[in-house]
Amino acid sequence: MTHPPVSFDPATGLGLLRTTHSLYALRVGQDGSPRHVYWGAPLTGSEVAALPEAQPPTGSSFDADAAPDELGIQTGARFGPAGLQVRFSDGVRGAQWRFDGHGVEDDGTLRIHLADRVYPLAAALCYRVRGDTDVIERWTEVTHTGTDAADDHQGGPGRGPLAVERCDSASWTLPHRADYRLSHLVGGWSSEFQLRRDRLPVAETVLTSRRGVTSHQANPWLALDDGTADEERGEVWSTALYWSGSWRITLSRDPVGRTTWSGGFGHEGVSWTLEPGQRLCTPVFAGLYSPSGFGAASRSWHRHIRSHVLPRPDEDRPVLYNSWEATAFDVSESGQRELATIAADLGAELFVLDDGWFGARRNDRAGLGDWTPSPDVFPRGLRPLADEVRRLGMRFGLWVEPEMVNADSDLYREHPEWVVHAPTRQATELRNQLMLNLGRPDAAEWVLRTLDGLVREYGVDYLKWDANRVVTEAGWSGHRDPDRLWIDHTRAVYAIMDRLRGDHPGLRVEACAGGGGRADLGVLARTDEIWTSDNTDPVDRLGIQHGFSQLFPAQAMSAWVTDSPNAITGRATPLRFRFHVAMAGALGLGGDLTALTDREKAETAALVAEYKEIRGLVQHGDQYRLTGEGGVRGVHYAARDGSEHVVIACCPMSRFGRPPVPLVLPGLRADARYEEPAGEMVHDGALLTTRGLDLGLPGGDYASRVIRLRRL
Ligand code: GLA
């Protein structure tokens, strides 16, 4: 019998969400509060019928125990982190719900409607299941249901403005387990996406960004398991927030062994005001259950992102050339033309002119905000370069940093009031720049018009949208609800991207914030790639890419081959090794092409051509992360129908002169045979999935190979 993906039974208060590999159950209790009941492997009908009542708070005065809330509130015997924190205009805090109905929509959305028993507050807890992925999307809508603040004394208490001090998208709960382990991503500039796996302490653990962008330091993705899962085995629960501004996720493991977490936009200490009639909708906080380890959880995310997040998932990402590392601010038209000519010869399909092309931007101290080609650098404007790039058979891309301004710029001289900072505070400059508050409609409109003008005038095919600073001394002078900037700025960025894409259907966008500082599913819903890190050292990239792949698919991972020694780390590595690491994502070239010898050019062109042969598998296949002993890192990409495969194996450092051990390929079928088209070798699937594939890597450091397999 097939069940609908979402259902709700008003008689029992039981809501059920079904995906292929999971079931999620909640129940609205007698007290009107929706509580968590179950999240895990699918259950039979009789098992569902036996799901427990969602227990309201009971017990002694000190150990009141209740089933966890679907969104914590601040009333009753609840002492954990509350996902919804409100203060009514009479000073009273916290909601007390009564159930106010439900809705099931055709697109697989379930809405649980709640109304406060006394105050003019309504909330909808929203759930969406798409049918073709295991992801459950959740969000919250809160509404001030009063009609007019002037009624304050007539219509009951708290009719005035409502302070929303926290409004999370969702709270999640794990089943009881003997132990809990948290996987999350940490880092910094040039060291983004470092995967950490730590035992979850019996305490509250906060993952957050207070920076106004997603941040390099933490990412709003996490996975939880009982401490025994690995890439291929074990139950994993994972969540990701669709938001590119400040955010906060609070995990709580309590002394009786229960683990819950609540997350949403904004960090602690900011609050938003809802006037009568106003509504606040949160971003989506999505979650998935995987019965088969971290690898399967990532593949589930990748599939969901391809089907429901990325705007153009089916397109191949072009091999791009970006001139930043070649020239930095030393940009000239002739220099860019020379680079473009070589890039086209090497096989690049897109040429991106990076920073330094506009205004007085000869270094990072001036010109940001003045988005007209610098007459010193491009006396004839950008048109001749853009035309030349297209004549060479490439698309034309441009770097912009539209949210930012140097104090030494015409824009700032004209509109000092547009920056985020409170006027009474000294504005901290980061990378010599200030940030515009795009929550202001006038500033946002100006940015949209400016970008639209550039795209139109130069036929820009690709924008690298950068953001090289974070929010400090936040203020919105004259605004009634100044903390709104923490939401409104991000929403404006989204709206501008959406509008540009809508008006220019051919335009593609790369998300960047000083490397990978803005990488999340909110920005990915309106971009095509994420610039993973300014650190292009291939050894460091192996770790960065491993972390990035936990959530994001390879097609969204912008990966360039740059010069050796690396500009940031000073490490010298062979060209082939740099290529093989970058070929695991959306390949780009980013070095000084004029310095390549003829031999290096030939090798580069051959490797670019090889990438184009495997690009379909890398960018659209299923990804298996492989770990071998002896420091080998491998990734295996499998065509969705299992017929074609590519394994990229990299061993940065040889150990004891021993060859790396074979790499086990769990993504293959044990009952099939596979041939290596290049070497004409035939392998048994049974051996490849147990004993592994001999890599045949040459000895020494920085050994790497790309191995293709075809199912016979
Ligand atoms: C940031 C980006 C780089 C480059 C520079 C230009 O750091 O991450 O790739 O575009 O800005 O200033």
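Strand 16 is covered on both faces. Val236, Ser238 and Ala240 are buried on one side, and Trp237, Thr239 and Leu241 are buried on the other. Buried means under 20% relative accessible area, exposed means over 50%, and partly exposed lies in between (1.4 Å probe, protein chains only). Strands (E, at least two residues) and helices (H or I, at least four) are DSSP runs, numbered from the N terminus. In a regular strand, side chains alternate between the two faces of the sheet. Six of the six residues of strand 16 (residues 236-241) are buried, so this strand is largely enclosed by the rest of the structure.

This is a predicted model: local features need pLDDT of at least 70, side-chain atom pairs count only at pLDDT 80 or more, and totals for chains, interfaces and linings use all residues. Residues are numbered from 1 along each chain as its sequence is written, and side-chain values use heavy atoms, with hydrogens and water left out.

Strand 16 pairs with strand 15 (residues 218-225) through four bridges, and the two run antiparallel. Pairing requires at least two DSSP bridges between two strands. Ser238 in strand 16 has Ala223 opposite. Strand 21 (residues 285-290) also runs antiparallel to strand 16, joined by six bridges. There, Ala286 is the bridge partner of Ala240.

## Strand 11

Strand 11 (residues 170-173) is also covered on both faces. Ala170 and Trp172 are buried on one side, Ser171 and Thr173 on the other. Four bridges link strand 11 to strand 18 (residues 259-265) in the antiparallel sense. Ser262 of strand 18 stands opposite Ser171.

## Ligand site

The ligand is surrounded by 13 residues. The closest are Asp354, Asp355, Arg431, Lys464 and Asp534. The shell holds four nonpolar, three polar and six charged residues. Here Ala, Val, Leu, Ile, Met, Phe, Trp, Tyr, Cys and Pro count as nonpolar, Asp, Glu, Lys and Arg as charged, and the others, Gly among them, as polar.

For Asp534, an N or O atom is 2.5 Å from an oxygen atom of the ligand. For Asp466, the distance is 2.9 Å. For Trp399, it is 3.0 Å. The protein covers 96% of the 310 Å² of accessible area that the ligand has on its own. These areas come from the Shrake-Rupley method with a 1.4 Å probe; for residues, only the protein chains shown count as cover.

Glu141 is found in strand 9 (residues 135-144). Glu141 is buried, at 10% relative accessible area. Its side chain makes a polar contact of 2.9 Å with the side chain of Arg111. A polar contact is a pair of N or O atoms within 3.5 Å; within protein, one must be able to donate a hydrogen and the other to accept it, and residues adjacent in sequence count only if both atoms are side-chain atoms. Beyond neighbours within four places in sequence, the contacts of Glu141 include Ala122, Cys126, Arg279 and Cys281. Contact means heavy atoms within 4.5 Å.

Asp483 sits in the loop between strand 27 (462-465) and helix 8 (485-503). Asp483 is partly exposed, with a relative accessible area of 23%. A polar atom of the Asp483 side chain lies 2.9 Å from the backbone nitrogen of Ser271. Leaving aside neighbours within four places in sequence, Asp483 also touches Gly269, Val270 and Trp272.

Nine of the eleven residues of helix 10 (residues 538-548) are buried, so helix 10 is largely enclosed by the rest of the structure. Among them are Arg541, Leu542, Ile544, His546 and Phe548. Asp537 caps the N-terminal end, with a side-chain oxygen 2.7 Å from the backbone nitrogen of Val539.

Helix 11 (residues 575-582) has seven of its eight residues buried, so this helix too is largely enclosed. Its buried residues include Leu575, Phe577, Phe579 and Val581. They pack against several elements, including helix 10, helix 12 (598-620) and strand 37 (703-711).

## Backbone notes

Ser564 and Pro565 are joined by a cis peptide bond, with omega about -5°. Pro565 lies in the loop between strand 30 and helix 11. Glu473, not a glycine, has a positive phi near 45°. Tyr702 likewise has a positive phi, about 55°, and is found in the loop between helix 13 (685-688) and strand 37.

Notes
Near = heavy atom within 4 Å.
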